[in-house]
Amino acid sequence: MPGTDPYVPGHGDAAYGVDHYDLALTYRPSSNQLRGEARLAVTTRRETDRLRVDLHHLAVRGVTVEGAALARDAHKGGHLSVVLRERVPAGTVLTVTVRYAGTPRTIRARHLGDAGWEELEDGVIVASQPHGAPSWFPCNDRVDDKATYAVSFTAPAGYVVAFSGETRCAKRRGASVTWQFDQTHPMAPYLATIQLGRYVETRLATGAAGTTPITVLHPAGLDRDAFAASFGRQPEMMRCFGELFGAYPFDGYRTVVTDDPLEIPLESQSLSTFGRNHCSAEWEEVRLVAHELAHQWFGNAVTVRSWRDIWLHEGFACYAEWLWSEASGLSTADEWAAHHHARLAGLPQDLVLGDPGPELMFDDRVYKRGALTLHALRRTVGDDAFFGVLSSWVREHAGGSVTTADFVGHAERVTGSELAGLLAAWIDAPELPPLP
């Protein structure tokens, strides 16, 4: 089965979209056992008599459908086929309920490695980008299929649970606690995450009343100075990015710091996950804190329609690192651009930014060349026009899905300049152009 995106073959079904996920989950960390019931409110996008739902490694215990008669269902190879007795037209509203259970684990994909549910020493992280969401809930695993979420998650008392949305309440009953979460802003499945661990919470001072709440869940005993120099600066970063990109696009922001070291931070909507090793005053760690926060504008609020355009996430977040460096009195964006341009010039010129392929979609050259593309645009149109492009891009497309062509057209419309040639040299050709 080809799926809907060649970068993530076998995932997603274009026959329908999910409008809302309602997940009721129970988890036992001691045995890594997950039990769940998922209600998917869906709308068909074309006439069809079947829906394909992505769910890997977990056993389906029952399927029901409201809005049409169910003929049969079958779960094989990570795909749950829901077959209706009759074809239904486009625009049909259905509710598909799936009961499931089992031992969740990461999903391996050729060229992409592992993604999804992963046990820690004492807890769980979920890193779903780009194909790991079906490791823990049945979904239409498409980057361009955004939905709202309501999640109930029951775990043993003593653990703190976080989801990529707002925490509504946590109610204890006996030896368990049930956590209730909502995500009212449209979210792609890969940006939905569950984090579980023995954490304490630190609320960061944000200044003026009415500003976005920022909290950090972390193990006890983190170095105070290192924490203050990295995660403690997130309110400043948010103010800086808010001035440059427009208002923060969600209701709150949470950072989870695991006791286990992590090779790279994990991105999800309104929540980012780091390892204890990222709690440091060193620039190489601080820049990652800024990078993941910037993804809330570029990647989470405004999300690509297909993975080939991932530079619209990673290049923008990388450029935000340079902007934060400049704002905090370190190297300027000009200096970072010169440094990374010289470095990329010495590397193989075999990457096309606008379509790097699944093997190279997370290559560092996508990040740095994407950032250089933005710097070239900034040098060409000037600061006022450039930041007008970025802030209006978020304002006009928040909650939606976009393409590179959308961005080029937007930049030309906002600036009134002919920019297609300039941007094509950076995006569509492998050779590295000179900076303007």
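**View 1. Thr193, a buried residue of the predicted model.** At 1% relative accessibility, Thr193 counts as buried, because the threshold for that class is under 20%. The structure shown here and in the views below is a predicted model. Thr193 is found in the loop that lies between strand E14 (176–187) and strand E15 (194–197).

**View 2. Polar contacts made by the side chain of Thr193.** Two partners are displayed for this side chain. The backbone oxygen of Val126 is reached by the side chain of Thr193 at 2.7 Å. With Gln195, the partner group is a side chain: a polar contact of 2.7 Å joins it to the side chain of Thr193.

**View 3. Surroundings of Thr193 beyond its sequence neighbours.** When neighbours within four places in sequence are left aside, Thr193 is in contact with Val126, Trp136, Ala162, Phe163, Ser164, Ser268 and Leu271. Val126, included among these contacts, is also the residue whose backbone oxygen the side chain of Thr193 reaches.

**View 4. The open sheet of strands E3, E6 and E5.** This open sheet has 3 strands in the order E3-E6-E5, and their pairing is antiparallel. Strand E3 (48–54) and strand E5 (70–76) stand at the edges; each has a single partner strand, so one side of each is left without a neighbour in the sheet. On average, neighbouring strands of this sheet are turned by 20° against each other, with direction ignored.

View 5. Strand E3 and strand E6 (residues 79–88) run antiparallel and are joined by 6 bridges. Two of the facing positions are shown. Asp54 stands opposite His79 in E6, and Arg52 stands opposite Ser81 in E6. Although E3 stands at an edge of the sheet, this strand is mostly covered, with 5 of its 7 residues buried.

**View 6. Cysteines Cys169 and Cys279.** The structure holds 0 disulfides. Which accessibility class does each of these two cysteines fall into? Cys169 has 26% relative accessibility and counts as partly exposed, because that class lies between the buried limit of under 20% and the exposed limit of over 50%. Cys279, at 13% relative accessibility, counts as buried.

Terms used: Residues numbered from 1 in each chain as written. Predicted model: local features only at pLDDT ≥ 70, side-chain atom pairs only at ≥ 80, totals over all residues. Heavy atoms only, no water. Pairing = 2+ DSSP bridges. Helix = DSSP H or I, 4+ residues; strand = E, 2+ residues; numbered from the N terminus. Axes fitted to C-alpha atoms, helices over the stretch in contact; angles between N-to-C directions. Disulfide = S-S within 2.5 Å. Buried < 20%, exposed > 50% of the residue type's maximum accessible area, 1.4 Å probe, protein only. Polar contact = N/O pair within 3.5 Å; in protein donor to acceptor, adjacent residues only side chain to side chain. Contact = heavy atoms within 4.5 Å.
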